[in-house]
Amino acid sequence: MAMAANHLPPTAALSGGTATHRLIATARPSSISFRSLSSSASLKTIRLSHQKRSRIHVSGADFGTVATPKCFASDPEQLRSAKKDIVDLLKTTFCHPILVRLGWHDAGTYNKNIEEWPNRGGANGSLRFDVEQKHAANAGLVNALKLLQPIKDKYASVTYADLFQLASATAVEEAGGPKIPMKYGRVDVTGPEQCPEEGRLPDAGPPSPAAHLRDVFYRMGLSDKDIVALSGAHTLGRSRPERSGWGKPETKYTKEGPGAPGGQSWTVKWLRFDNSYFKDIKERRDEDLLVLPTDAALFEDPSFKVFAEKYAEDEKAFFDDYAVAHAKLSNLGSKFDPPEGFSINDEPPPPPAAAAPEKFEAAKYSSGKRELSDSMKQKIRAEYEGFGGSPDKPLQSNYFLNIMIVIAVLALLTSLLGS
Ligand code: HEM
(Lines give C-alpha, C1' and ligand atoms only; values in the text may rest on other atoms or scores of the structure.)
Protein backbone atom coordinates (compact mmCIF):
# COMPACT_ATOMS: atom_id res chain seq x y z
CA MET A 1 0.00 0.00 0.00
CA ALA A 2 2.12 2.94 1.19
CA MET A 3 5.46 3.33 -0.50
CA ALA A 4 8.32 2.85 1.95
CA ALA A 5 10.38 5.90 2.75
CA ASN A 6 13.55 4.26 1.45
CA HIS A 7 12.01 4.16 -2.02
CA LEU A 8 12.21 7.93 -2.08
CA PRO A 9 14.74 9.78 -4.13
CA PRO A 10 17.34 11.73 -2.13
CA THR A 11 16.40 15.25 -1.15
CA ALA A 12 17.71 17.97 -3.42
CA ALA A 13 17.87 21.64 -2.70
CA LEU A 14 14.94 23.68 -3.95
CA SER A 15 15.54 26.73 -6.05
CA GLY A 16 16.72 29.83 -4.33
CA GLY A 17 19.76 31.96 -4.07
CA THR A 18 22.11 33.78 -1.80
CA ALA A 19 20.47 36.36 0.39
CA THR A 20 23.51 38.55 0.41
CA HIS A 21 23.81 40.83 -2.54
CA ARG A 22 26.00 43.86 -2.60
CA LEU A 23 24.81 46.67 -4.79
CA ILE A 24 27.32 48.93 -6.44
CA ALA A 25 25.85 52.09 -7.95
CA THR A 26 27.26 53.78 -11.00
CA ALA A 27 25.68 57.01 -12.18
CA ARG A 28 24.50 57.18 -15.77
CA PRO A 29 22.82 60.13 -17.52
CA SER A 30 19.33 58.60 -17.81
CA SER A 31 19.36 55.79 -15.32
CA ILE A 32 21.15 54.41 -12.32
CA SER A 33 22.72 51.05 -12.87
CA PHE A 34 23.32 48.68 -9.96
CA ARG A 35 25.73 45.85 -10.41
CA SER A 36 24.62 43.10 -8.10
CA LEU A 37 27.47 41.01 -6.72
CA SER A 38 26.33 37.72 -5.30
CA SER A 39 28.59 35.86 -2.91
CA SER A 40 29.63 33.69 -5.86
CA ALA A 41 30.81 36.96 -7.39
CA SER A 42 28.62 36.61 -10.45
CA LEU A 43 27.77 39.98 -11.90
CA LYS A 44 24.34 41.03 -12.90
CA THR A 45 23.02 44.41 -13.84
CA ILE A 46 19.87 45.77 -12.27
CA ARG A 47 18.72 48.91 -13.97
CA LEU A 48 16.61 51.28 -11.96
CA SER A 49 14.25 53.73 -13.57
CA HIS A 50 14.51 57.32 -12.38
CA GLN A 51 10.81 58.05 -12.48
CA LYS A 52 9.23 55.13 -10.63
CA ARG A 53 9.54 54.89 -6.89
CA SER A 54 7.73 52.31 -4.84
CA ARG A 55 7.91 50.25 -1.71
CA ILE A 56 9.19 46.74 -2.28
CA HIS A 57 9.79 43.91 0.14
CA VAL A 58 12.46 41.42 -0.74
CA SER A 59 12.04 38.14 1.08
CA GLY A 60 10.21 39.75 3.96
CA ALA A 61 12.86 42.43 4.38
CA ASP A 62 11.66 45.98 3.88
CA PHE A 63 13.91 47.85 1.53
CA GLY A 64 11.90 51.03 2.10
CA THR A 65 11.34 53.52 -0.66
CA VAL A 66 13.69 52.67 -3.46
CA ALA A 67 13.49 52.96 -7.19
CA THR A 68 11.59 50.01 -8.67
CA PRO A 69 14.17 47.69 -10.16
CA LYS A 70 13.02 47.32 -13.78
CA CYS A 71 15.04 44.28 -14.59
CA PHE A 72 13.76 41.98 -11.83
CA ALA A 73 12.05 39.13 -13.68
CA SER A 74 8.73 40.95 -13.13
CA ASP A 75 7.97 44.51 -12.19
CA PRO A 76 6.32 44.67 -8.71
CA GLU A 77 4.04 47.59 -9.65
CA GLN A 78 2.81 45.79 -12.76
CA LEU A 79 2.20 42.62 -10.75
CA ARG A 80 0.01 44.60 -8.36
CA SER A 81 -1.98 46.06 -11.25
CA ALA A 82 -2.24 42.64 -12.90
CA LYS A 83 -3.66 41.28 -9.65
CA LYS A 84 -6.44 43.89 -9.77
CA ASP A 85 -7.22 42.90 -13.36
CA ILE A 86 -7.34 39.23 -12.35
CA VAL A 87 -9.82 40.07 -9.60
CA ASP A 88 -12.02 41.82 -12.22
CA LEU A 89 -11.68 38.86 -14.58
CA LEU A 90 -12.78 36.47 -11.84
CA LYS A 91 -15.85 38.61 -11.09
CA THR A 92 -17.04 38.47 -14.68
CA THR A 93 -16.02 34.97 -15.84
CA PHE A 94 -15.96 32.81 -12.63
CA CYS A 95 -12.80 31.17 -13.91
CA HIS A 96 -11.31 30.57 -10.42
CA PRO A 97 -10.98 26.78 -10.82
CA ILE A 98 -9.23 26.73 -14.15
CA LEU A 99 -6.74 29.42 -13.03
CA VAL A 100 -5.85 27.33 -9.99
CA ARG A 101 -5.39 24.29 -12.22
CA LEU A 102 -3.20 26.30 -14.60
CA GLY A 103 -0.84 27.38 -11.81
CA TRP A 104 -0.66 23.86 -10.44
CA HIS A 105 0.06 22.25 -13.82
CA ASP A 106 2.86 24.72 -14.59
CA ALA A 107 4.51 24.04 -11.22
CA GLY A 108 3.70 20.34 -10.86
CA THR A 109 6.19 19.14 -13.48
CA TYR A 110 9.06 19.80 -11.05
CA ASN A 111 11.59 17.03 -10.52
CA LYS A 112 13.80 17.61 -7.49
CA ASN A 113 16.32 15.06 -8.77
CA ILE A 114 17.26 17.29 -11.69
CA GLU A 115 19.34 20.24 -10.66
CA GLU A 116 19.54 22.38 -13.78
CA TRP A 117 16.94 24.98 -14.61
CA PRO A 118 14.76 24.64 -16.65
CA ASN A 119 15.27 20.88 -17.19
CA ARG A 120 14.00 20.34 -13.66
CA GLY A 121 10.57 21.67 -14.68
CA GLY A 122 8.32 23.60 -12.33
CA ALA A 123 6.82 27.08 -12.26
CA ASN A 124 8.68 28.61 -15.19
CA GLY A 125 5.89 29.56 -17.63
CA SER A 126 6.56 26.62 -19.97
CA LEU A 127 2.84 25.80 -20.05
CA ARG A 128 2.27 28.75 -22.40
CA PHE A 129 3.77 26.74 -25.24
CA ASP A 130 1.58 24.61 -27.51
CA VAL A 131 3.71 21.53 -27.08
CA GLU A 132 3.01 21.40 -23.33
CA GLN A 133 -0.62 22.43 -23.60
CA LYS A 134 -1.10 19.39 -25.80
CA HIS A 135 -0.04 17.01 -23.02
CA ALA A 136 -3.13 14.95 -22.18
CA ALA A 137 -3.15 16.14 -18.54
CA ASN A 138 -3.44 19.75 -19.71
CA ALA A 139 -6.57 19.32 -21.80
CA GLY A 140 -8.71 22.46 -21.57
CA LEU A 141 -6.03 24.69 -20.02
CA VAL A 142 -5.72 26.60 -23.28
CA ASN A 143 -8.90 28.35 -22.10
CA ALA A 144 -7.08 29.65 -19.02
CA LEU A 145 -4.27 30.90 -21.26
CA LYS A 146 -6.76 32.74 -23.45
CA LEU A 147 -8.26 34.45 -20.42
CA LEU A 148 -4.89 35.60 -19.11
CA GLN A 149 -3.26 36.61 -22.39
CA PRO A 150 -4.86 40.13 -22.49
CA ILE A 151 -3.49 40.76 -18.98
CA LYS A 152 -0.07 39.52 -20.08
CA ASP A 153 -0.22 41.82 -23.11
CA LYS A 154 -1.10 44.77 -20.89
CA TYR A 155 1.77 44.15 -18.48
CA ALA A 156 4.82 43.36 -20.54
CA SER A 157 7.06 43.35 -17.46
CA VAL A 158 5.24 40.46 -15.79
CA THR A 159 6.54 36.99 -16.66
CA TYR A 160 4.17 34.17 -17.57
CA ALA A 161 5.55 32.14 -14.70
CA ASP A 162 4.62 34.87 -12.21
CA LEU A 163 1.29 35.59 -13.91
CA PHE A 164 0.17 31.93 -13.70
CA GLN A 165 1.05 31.74 -10.01
CA LEU A 166 -0.43 35.16 -9.26
CA ALA A 167 -3.67 34.15 -11.00
CA SER A 168 -3.89 30.88 -9.08
CA ALA A 169 -3.23 32.39 -5.64
CA THR A 170 -5.61 35.28 -6.35
CA ALA A 171 -8.34 32.85 -7.44
CA VAL A 172 -8.03 30.87 -4.19
CA GLU A 173 -8.16 34.03 -2.11
CA GLU A 174 -11.09 35.50 -4.06
CA ALA A 175 -13.04 32.25 -3.69
CA GLY A 176 -12.82 32.65 0.10
CA GLY A 177 -9.69 30.61 0.66
CA PRO A 178 -6.65 31.50 2.73
CA LYS A 179 -4.19 34.26 1.89
CA ILE A 180 -1.15 32.57 0.42
CA PRO A 181 2.32 33.85 1.34
CA MET A 182 3.47 34.25 -2.25
CA LYS A 183 6.70 35.56 -3.62
CA TYR A 184 7.43 36.69 -7.15
CA GLY A 185 10.26 37.22 -9.61
CA ARG A 186 10.04 33.93 -11.56
CA VAL A 187 12.06 33.83 -14.75
CA ASP A 188 10.34 32.46 -17.88
CA VAL A 189 11.68 29.72 -20.10
CA THR A 190 12.24 31.12 -23.55
CA GLY A 191 11.28 28.39 -25.99
CA PRO A 192 9.17 25.23 -26.41
CA GLU A 193 12.32 23.10 -26.42
CA GLN A 194 12.56 23.94 -22.70
CA CYS A 195 9.19 22.34 -21.86
CA PRO A 196 9.24 19.19 -19.71
CA GLU A 197 8.44 15.85 -21.28
CA GLU A 198 4.88 14.53 -20.96
CA GLY A 199 3.96 12.35 -18.00
CA ARG A 200 5.14 14.27 -14.94
CA LEU A 201 1.65 15.17 -13.65
CA PRO A 202 -0.50 12.71 -11.68
CA ASP A 203 -3.02 10.35 -13.19
CA ALA A 204 -6.49 10.29 -11.59
CA GLY A 205 -7.03 6.54 -11.90
CA PRO A 206 -3.74 4.63 -11.55
CA PRO A 207 -3.72 0.99 -10.36
CA SER A 208 -2.42 2.00 -6.96
CA PRO A 209 -3.58 5.57 -6.27
CA ALA A 210 -1.83 6.26 -2.94
CA ALA A 211 1.52 4.92 -4.18
CA HIS A 212 1.14 6.87 -7.40
CA LEU A 213 0.41 10.11 -5.51
CA ARG A 214 3.54 9.56 -3.43
CA ASP A 215 5.64 8.79 -6.53
CA VAL A 216 4.60 12.02 -8.18
CA PHE A 217 4.47 14.40 -5.22
CA TYR A 218 7.59 13.09 -3.48
CA ARG A 219 9.41 13.66 -6.78
CA MET A 220 8.39 17.31 -6.33
CA GLY A 221 9.78 17.28 -2.78
CA LEU A 222 6.32 17.45 -1.22
CA SER A 223 4.99 15.48 1.77
CA ASP A 224 1.88 13.44 2.62
CA LYS A 225 0.46 16.51 4.37
CA ASP A 226 1.05 18.62 1.24
CA ILE A 227 -0.62 15.98 -0.94
CA VAL A 228 -3.77 15.94 1.16
CA ALA A 229 -3.91 19.72 1.67
CA LEU A 230 -3.35 20.46 -2.03
CA SER A 231 -5.95 17.92 -3.10
CA GLY A 232 -8.37 20.12 -1.17
CA ALA A 233 -8.17 22.55 -4.12
CA HIS A 234 -10.78 20.23 -5.69
CA THR A 235 -13.23 22.08 -3.50
CA LEU A 236 -13.22 24.32 -6.60
CA GLY A 237 -14.23 23.39 -10.11
CA ARG A 238 -15.43 20.51 -12.19
CA SER A 239 -14.17 17.58 -14.19
CA ARG A 240 -15.34 17.34 -17.79
CA PRO A 241 -15.39 14.02 -19.64
CA GLU A 242 -14.53 15.71 -22.90
CA ARG A 243 -11.29 17.00 -21.32
CA SER A 244 -9.96 14.52 -18.79
CA GLY A 245 -12.31 11.61 -19.41
CA TRP A 246 -13.48 11.85 -15.78
CA GLY A 247 -16.84 13.00 -14.45
CA LYS A 248 -20.40 13.31 -15.75
CA PRO A 249 -21.28 15.62 -18.66
CA GLU A 250 -23.46 17.59 -16.24
CA THR A 251 -25.09 17.37 -12.82
CA LYS A 252 -27.75 19.23 -10.93
CA TYR A 253 -24.97 21.38 -9.50
CA THR A 254 -23.34 22.31 -12.81
CA LYS A 255 -26.01 22.40 -15.50
CA GLU A 256 -26.64 26.12 -14.94
CA GLY A 257 -23.01 27.20 -14.70
CA PRO A 258 -21.92 29.81 -13.62
CA GLY A 259 -19.44 30.03 -16.45
CA ALA A 260 -19.75 27.37 -19.17
CA PRO A 261 -22.31 24.86 -17.83
CA GLY A 262 -21.59 21.16 -17.41
CA GLY A 263 -19.07 18.81 -15.87
CA GLN A 264 -19.12 17.17 -12.46
CA SER A 265 -17.97 19.02 -9.38
CA TRP A 266 -16.47 17.62 -6.19
CA THR A 267 -18.58 19.95 -4.06
CA VAL A 268 -22.01 21.59 -4.14
CA LYS A 269 -20.67 25.16 -4.06
CA TRP A 270 -17.78 24.62 -6.42
CA LEU A 271 -16.82 28.29 -6.64
CA ARG A 272 -16.35 28.54 -2.89
CA PHE A 273 -13.02 27.56 -1.34
CA ASP A 274 -13.75 25.79 1.95
CA ASN A 275 -13.29 22.33 3.48
CA SER A 276 -16.42 20.80 1.93
CA TYR A 277 -14.26 18.63 -0.38
CA PHE A 278 -13.13 16.61 2.65
CA LYS A 279 -16.58 16.58 4.28
CA ASP A 280 -18.30 15.46 1.09
CA ILE A 281 -15.86 12.65 0.28
CA LYS A 282 -16.10 11.40 3.85
CA GLU A 283 -19.87 11.26 3.75
CA ARG A 284 -20.03 10.16 0.11
CA ARG A 285 -23.10 12.32 0.22
CA ASP A 286 -24.32 12.48 -3.35
CA GLU A 287 -24.00 10.56 -6.61
CA ASP A 288 -23.72 13.88 -8.37
CA LEU A 289 -20.48 14.76 -6.59
CA LEU A 290 -17.21 13.46 -8.00
CA VAL A 291 -14.69 11.30 -6.14
CA LEU A 292 -11.68 10.37 -8.27
CA PRO A 293 -9.71 7.26 -7.23
CA THR A 294 -6.92 9.60 -6.08
CA ASP A 295 -9.45 11.57 -3.99
CA ALA A 296 -10.76 8.39 -2.36
CA ALA A 297 -7.19 7.35 -1.51
CA LEU A 298 -6.98 10.27 0.91
CA PHE A 299 -9.48 8.52 3.19
CA GLU A 300 -8.13 5.03 2.56
CA ASP A 301 -4.38 5.36 3.07
CA PRO A 302 -3.62 5.43 6.83
CA SER A 303 -1.15 8.31 6.62
CA PHE A 304 -3.23 10.48 4.26
CA LYS A 305 -6.35 9.73 6.32
CA VAL A 306 -5.00 11.47 9.42
CA PHE A 307 -4.87 14.77 7.52
CA ALA A 308 -8.07 14.21 5.53
CA GLU A 309 -10.06 13.52 8.73
CA LYS A 310 -8.55 16.58 10.40
CA TYR A 311 -9.39 18.86 7.47
CA ALA A 312 -12.98 17.55 7.35
CA GLU A 313 -13.38 18.58 11.00
CA ASP A 314 -11.32 21.71 11.14
CA GLU A 315 -11.43 24.22 8.30
CA LYS A 316 -8.83 26.48 9.89
CA ALA A 317 -6.30 23.62 10.03
CA PHE A 318 -7.00 22.96 6.34
CA PHE A 319 -6.58 26.63 5.40
CA ASP A 320 -3.33 26.95 7.35
CA ASP A 321 -1.78 23.85 5.78
CA TYR A 322 -3.17 24.64 2.35
CA ALA A 323 -1.63 28.13 2.32
CA VAL A 324 1.79 26.72 3.18
CA ALA A 325 1.55 23.87 0.65
CA HIS A 326 0.26 26.13 -2.12
CA ALA A 327 3.12 28.62 -1.62
CA LYS A 328 5.59 25.70 -1.70
CA LEU A 329 4.01 24.34 -4.88
CA SER A 330 4.11 27.75 -6.55
CA ASN A 331 7.88 28.04 -6.03
CA LEU A 332 8.83 24.57 -7.29
CA GLY A 333 11.64 24.64 -9.82
CA SER A 334 11.40 28.41 -10.25
CA LYS A 335 14.43 30.56 -10.88
CA PHE A 336 13.89 33.90 -9.14
CA ASP A 337 15.28 37.28 -10.01
CA PRO A 338 16.16 38.62 -7.49
CA PRO A 339 17.25 35.18 -6.25
CA GLU A 340 15.27 35.52 -3.02
CA GLY A 341 12.11 36.72 -4.80
CA PHE A 342 9.93 39.56 -3.56
CA SER A 343 6.50 40.08 -2.09
CA ILE A 344 3.84 42.38 -3.53
CA ASN A 345 1.76 42.64 -0.39
CA ASP A 346 0.36 46.09 0.15
CA GLU A 347 0.58 45.95 3.89
CA PRO A 348 3.93 46.98 5.36
CA PRO A 349 6.01 44.16 6.82
CA PRO A 350 5.77 43.56 10.57
CA PRO A 351 8.17 45.68 12.62
CA PRO A 352 11.36 43.96 13.76
CA ALA A 353 11.18 42.21 17.14
CA ALA A 354 9.28 44.47 19.55
CA ALA A 355 11.75 46.65 21.47
CA ALA A 356 11.52 46.50 25.30
CA PRO A 357 9.84 49.65 26.66
CA GLU A 358 12.40 52.22 27.70
CA LYS A 359 13.13 52.28 31.44
CA PHE A 360 12.01 55.51 33.06
CA GLU A 361 14.95 57.45 34.47
CA ALA A 362 13.91 60.69 36.11
CA ALA A 363 17.41 62.15 35.85
CA LYS A 364 17.23 61.89 32.08
CA TYR A 365 14.22 64.16 32.01
CA SER A 366 15.39 66.79 34.58
CA SER A 367 16.87 69.83 32.99
CA GLY A 368 19.58 72.27 34.08
CA LYS A 369 21.72 69.76 36.01
CA ARG A 370 25.29 71.12 35.79
CA GLU A 371 28.63 69.92 37.05
CA LEU A 372 30.22 72.40 39.58
CA SER A 373 33.43 74.12 38.46
CA ASP A 374 36.68 73.17 40.28
CA SER A 375 37.03 76.63 41.86
CA MET A 376 33.47 76.41 43.24
CA LYS A 377 34.18 72.93 44.63
CA GLN A 378 37.30 74.28 46.38
CA LYS A 379 35.38 77.19 47.87
CA ILE A 380 32.74 74.85 49.31
CA ARG A 381 35.42 72.57 50.70
CA ALA A 382 37.13 75.52 52.36
CA GLU A 383 33.85 76.61 53.97
CA TYR A 384 33.17 73.09 55.26
CA GLU A 385 36.70 72.87 56.66
CA GLY A 386 36.27 76.26 58.30
CA PHE A 387 33.60 74.55 60.44
CA GLY A 388 35.82 71.56 61.03
CA GLY A 389 34.03 69.32 58.51
CA SER A 390 34.48 68.20 54.95
CA PRO A 391 32.12 67.71 51.94
CA ASP A 392 33.08 64.00 51.94
CA LYS A 393 32.17 63.68 55.64
CA PRO A 394 29.10 65.76 56.28
CA LEU A 395 28.96 67.40 59.71
CA GLN A 396 26.80 65.86 62.33
CA SER A 397 23.43 67.51 62.65
CA ASN A 398 24.09 69.02 66.16
CA TYR A 399 27.11 70.94 64.77
CA PHE A 400 24.81 72.59 62.30
CA LEU A 401 22.30 73.41 64.98
CA ASN A 402 24.95 75.00 67.21
CA ILE A 403 26.34 77.07 64.36
CA MET A 404 22.87 78.28 63.44
CA ILE A 405 22.21 79.29 67.04
CA VAL A 406 25.55 81.20 67.24
CA ILE A 407 24.80 83.01 63.98
CA ALA A 408 21.30 83.92 65.16
CA VAL A 409 22.60 85.27 68.54
CA LEU A 410 25.33 87.31 66.79
CA ALA A 411 22.79 88.74 64.38
CA LEU A 412 20.51 89.72 67.29
CA LEU A 413 23.32 91.38 69.23
CA THR A 414 24.50 93.31 66.15
CA SER A 415 21.03 94.65 65.55
CA LEU A 416 20.57 95.59 69.24
CA LEU A 417 23.93 97.39 69.39
CA GLY A 418 23.18 99.10 66.12
CA SER A 419 19.93 100.52 67.41
C1 HEM B 1 -3.62 14.77 -6.45
C2 HEM B 1 -3.55 14.56 -7.75
C3 HEM B 1 -4.49 15.22 -8.71
C4 HEM B 1 -5.21 14.61 -9.67
C5 HEM B 1 -5.13 13.16 -10.03
C6 HEM B 1 -6.04 15.62 -10.28
C7 HEM B 1 -6.91 15.38 -11.33
C8 HEM B 1 -7.79 16.30 -11.85
C9 HEM B 1 -8.73 16.06 -12.90
C10 HEM B 1 -8.90 14.73 -13.62
C11 HEM B 1 -9.42 17.18 -13.11
C12 HEM B 1 -10.52 17.43 -14.14
C13 HEM B 1 -9.98 18.22 -15.30
C14 HEM B 1 -11.02 18.47 -16.35
O15 HEM B 1 -11.70 17.53 -16.77
O16 HEM B 1 -11.16 19.63 -16.79
C17 HEM B 1 -8.94 18.14 -12.19
C18 HEM B 1 -9.43 19.40 -12.08
C19 HEM B 1 -8.96 20.32 -11.19
N20 HEM B 1 -7.83 20.19 -10.41
FE21 HEM B 1 -6.87 18.49 -10.02
N22 HEM B 1 -5.81 16.78 -9.68
C23 HEM B 1 -4.87 16.60 -8.72
C24 HEM B 1 -4.33 17.55 -7.91
C25 HEM B 1 -4.66 18.87 -7.94
C26 HEM B 1 -3.98 19.91 -7.23
C27 HEM B 1 -2.72 19.69 -6.39
C28 HEM B 1 -4.64 21.06 -7.49
C29 HEM B 1 -4.34 22.45 -7.01
C30 HEM B 1 -3.55 22.77 -6.01
C31 HEM B 1 -5.73 20.74 -8.36
C32 HEM B 1 -6.67 21.65 -8.82
C33 HEM B 1 -7.70 21.33 -9.71
C34 HEM B 1 -8.78 22.24 -10.02
C35 HEM B 1 -9.03 23.61 -9.40
C36 HEM B 1 -9.58 21.60 -10.96
C37 HEM B 1 -10.85 22.13 -11.61
C38 HEM B 1 -10.54 22.73 -12.95
C39 HEM B 1 -11.75 23.29 -13.65
O40 HEM B 1 -12.86 23.30 -13.12
O41 HEM B 1 -11.58 23.75 -14.80
N42 HEM B 1 -5.70 19.42 -8.63
N43 HEM B 1 -7.94 17.59 -11.43
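**View 1. Packing of helix α7 in the predicted model.** The buried residues of α7 pack against α6 (209-219), α9 (293-300), α10 (302-313) and α11 (315-331). Helices (H or I, at least four residues) and strands (E, at least two) are DSSP runs, numbered from the N terminus. The model is predicted: local features need pLDDT of at least 70, side-chain atom pairs count only at pLDDT 80 or more, and totals for chains, interfaces and linings use all residues. Residues are numbered from 1 along each chain as its sequence is written. Of the 8 residues of α7, 6 are buried, namely Asp224, Asp226, Ile227, Val228, Ala229 and Ser231. Buried denotes 20 or more other C-beta atoms within 10 Å of the residue's own, with C-beta atoms placed from the backbone.

**View 2. The largest nonpolar core.** This core, a set of buried Ala, Val, Leu, Ile, Met, Phe, Trp, Tyr and Cys residues joined through C-beta atoms within 7 Å, has 73 residues. Leu163 and Ala167 have the most contacts inside it. Helix α5 (residues 160-174) contributes the largest share, 9 residues. The core lies between domain 1 (76-194) and domain 2 (209-322), because both give residues to it; the domain bounds come from an automatic or database domain assignment.

**View 3. Surroundings of Ala167.** Not counting residues up to four places away in sequence, Ala167 touches Ile86, Leu99, Leu102, Gly103 and Leu148. Contact requires C-beta atoms, placed from the backbone, within 7 Å.

Notes: A residue is buried if 20 or more other C-beta atoms lie within 10 Å of its own, exposed if 12 or fewer, and partly exposed in between; C-beta atoms are placed from the backbone. Two residues are in contact if their C-beta atoms, placed from the backbone, lie within 7 Å.
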